[in-house]
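Please read the briefing below alongside the sequence and the coordinates. It covers annotated spans, aromatic pairs and charges over rings.

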Amino acid sequence: MGSGVSDRLDVLDEPAPAAWSTTEDRAPVEQRVRLYLNALGVQDSQETEVLVRRVIERVEFRATLGQLGEPLEVAIEETHRLLDRWLVAELGLESDPDQISAARAAVLGGHVPGWTRRWAGLSEDSLTESIRAVRFQAVPEHAPLTMEPNPIRLCCHRLVRRLAARVLRWLGIRGRHHASAEVQA
Amino acid sequence: MKRLSTIATRHLPRPLYFTLVLLTTVFCLSLLSSAIQDGGLSTLELVLLILYTILMLWISASFWTAAIGFLVLAFQDRGGEGAESASEPTASAETGAFKTALVMPVYNEDPERVFAGLRAMFDSLVATGHSDGFEFFVLSDTREPDIWLQEEQHWRRWTEELGDRVPLFYRNRVENTARKSGNLADFCRDWGGRYRYMIVLDADSIMSGETLVEMVRRMEADRRLALIQVPPVPVNRSSFFARMLQFAGSLYGRLFVAGLAFWQRDTANFWGHNAIIRVRPFADHCGLPKLPGREPFGGDILSHDFVEAALLARAGWKVRLAPDLGGSYEEIPPTLIDYAKRDRRWCQGNLQHARLILAQGFKPLSRLHFAMGVMSYAASPLWLLFLIATGVEAYFKSLQQPEYFFGYNVMPIWPESYVVEMTTVLWVTLVLLFLPKILALVLLALDRDEARRFGGLLKASLSVLIESLLSVLLAPVLMLFQSKFVAAILLRTSVGWPAQQRGDHQTGVLEALGAHGVHTLIAFAVGYVAYVHVPDFFWWFTPVLAGLVLSVPVSILTSRTSLGLRLKEAGLFLTPAETEEPPVLRRLEERLTEPSPPIEAPVGERAFWTRAMMNPGVYALHDALLHDEPQTRRRRHILEGLALQLQDEGEDSLSLREKRALLSHRDGLHLLHTRLWAAPTLEAPPPPANG
């Protein structure tokens, strides 16, 4: 076993990340979630508090299931998941990844005013239409055409081989199936 | 009488042109052969004659194209009979029943320039009032993650600004199979059925709205027309080198283009961009096969445009050049070294066409296009061989002592002098090379308005003089560059597909020494040998040697933008695009000066693409532009491994392909975004996504 592999195996002996139990453990995670929410566009402190609380609840739930892993990573994942779930609910989607992605791009692109309030559950106004109105149509509907490689018959390509094949065929040694010089794909 | 005229117009040009070319070549050849054949023909002399014949064919073909172009333009100008003019009513081009796509294949190009160019064309198109039926399509083959993300942001910005007025579509290919031709072919396979025409643009192409509309109108007017190539005029560069080429391209280029259109008729060529193509026949006939064998002569067809034009012509479609259509522009390499680099890429593609010259089924003129493409690069090593052979021949001649007395003759027999013949050969060659420049000036003298657009006849003449002197200095340098490229390709060294450096930048001393140091050394070595052993030849050879000896300073000097701009202020090398800047170019300038909102990304030492991926807005848009695909455990593991490697060892530990893998799959992207945000120490986070 090379030293590179044994070095990597050393990681297995490292102590596991701190358990999710104390307030001190939670503080950096909360801090990171706040930062992330801010980057998502959640500026209002009331909205932030609501959403942070929900994310932390989900992280704690994962901890009780023993699925905590890296707390910071789980917190970011859960924030993301919270957003996706809200979008699915808001738009009545059926977990279509393309539609969820488009909706996420719409809100994070700043095209839907007031979405953070709605996400935090502090607004009753539906944003379904506003989100659907933002279309990210990067390409039009498919309108395919067939485009096959066209043969180009090169002159003198494998001339010797072709001549030999012809002679052999003439002598009755080989069949008539020998390849032509046509260049296909 | 009219019928006779029609027949003459249709059938006369090509026989006339080829007869002139052949007669000129035979005349020059007879002069040279009479000059060198004293006492039989040696092997070396035979080689000299063969080389000279090939080169003279090449030069006289070029000369007669320009000369015919001169006559065409002079006649049109005087008679006021322009061909179909771009200013004709364009109402018939109003579409609705069909759509035209403006497709711009890009590969790691500057996104600012790409989208600014498209915006300028959009503005120009809207100004015509005929923008309905046009759609823009950016066909990205970009591999660099940073540029890919920027392209998406520019696309988003533009679609936000424009709404549904003129759709702008964007797609980045997962695999850049078969490069540019594959990119276009994939476009046809996916969306070709949506469009009747596509106007193919290059990343540095600019076309005016009037020209775009007129191209569609002409295609609609002739249902057998598959392609119209509108010759692009070089513009927008500031360096001395580029301004000189822009001037030459604008002044002499129109002669050549008019001449080409005269004899090529309906079997013209495709130059790869600034052309409109009927999509269905293109899809039916222009799918390119891979050539048998390995690169550089086998594999993908690199210079696809010539082959596509030949395939269309083979299928009975018309391919035309439109010399009368203006409003078509392109940008050129800013320095001599960049120009040579571009040649390196083009050289392989053109030499590959040697295999197609005799392929079955192509029209004779298409074969000629292939041959001319090959010659545009093969001419350099042939000139080099010709010079070497001439030097060796001169050396052998110098060894011969003249004998004045033969046999019992009392009177001396003086050796025959061939100075007159040799001088005539030289002068004829020079005339063929330089007369087109004078003809271009004559055209200016015939048209005062046009002369004014070139800065006036006097300044244009001075510019031609300077350009001619500099082209004498640059020609041997390009000859050595191209000879090296041809040799490398013949030795089966393939080229990559490097993106072009298009913006103005200047050549430094080290760069110039690296590129031209060998040229200078060769010049000194050859000059010394020639001076010592064949002094007579040395003096004939000095123009070539001077170009090589001065290559380093000339390369540096001509790359200077300050010099180019100073000459512009002095009224030298002015072009119509500079004196009467077309609105579409002005729009481009304005668009480029508009502040482009940067992608908000945290400041840090990481590469731009990883920092940009921390921005939830950038991440979400990129994610939305990817296609969903079924998840596999194997892929997930690979992507996790890459994300970990990125975290632990940094971006430099990943290859370009691995970086693209992370960005090309939604699960990889999600991993990347999450891991970056979950890093124990966070770089300064980006501002809010929608802030």
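The unreviewed UniProt entry annotates "transmembrane region" at residues 50-75, 368-389, 424-445, 457-475, 509-531 and 537-558 of chain B, and such annotations may be inferred rather than shown by experiment. This is a predicted model, in which local features need pLDDT of at least 70 and side-chain atom pairs count only at pLDDT 80 or more, while totals for chains, interfaces and linings use all residues. Residues are numbered from 1 along each chain as its sequence is written, and side-chain values use heavy atoms, leaving out hydrogens and water.

**Annotated spans**
- Residues 537-558 of chain B are 95% helix and 0% strand, and their end C-alpha atoms lie 29 Å apart.

**Aromatic pairs**
- Counting Phe, Tyr and Trp rings (the six-membered ring for Trp) with centres within 6.5 Å, there are 29 aromatic pairs over all chains.
- The rings of Trp383(B) and Phe386(B), with centres 5.9 Å apart and planes at 85 degrees, are edge-to-face (over 60 degrees; under 30 is stacked and the rest tilted).
- Trp383(B) is partly exposed at 25% relative accessible area, whereas Phe386(B) is buried at 12% (buried is under 20%, exposed over 50%, partly exposed in between, with a 1.4 Å probe and protein chains only).
- Tyr531(B) and Trp539(B) are also edge-to-face, at 6.3 Å and 80 degrees.

**Charges over rings**
- Arg224(B) lies over the face of Trp317(B), 4.1 Å from the ring centre (NZ of Lys or CZ of Arg within 6 Å of the centre and within 35 degrees of the ring normal).
- Arg660(B) lies over the face of Trp148(B), at 4.3 Å from the ring centre.

Technical notes: Chains are lettered from A and ligands numbered from 1 in the order in which they are written. Helices (H or I, at least four residues) and strands (E, at least two) are DSSP runs, numbered from the N terminus.
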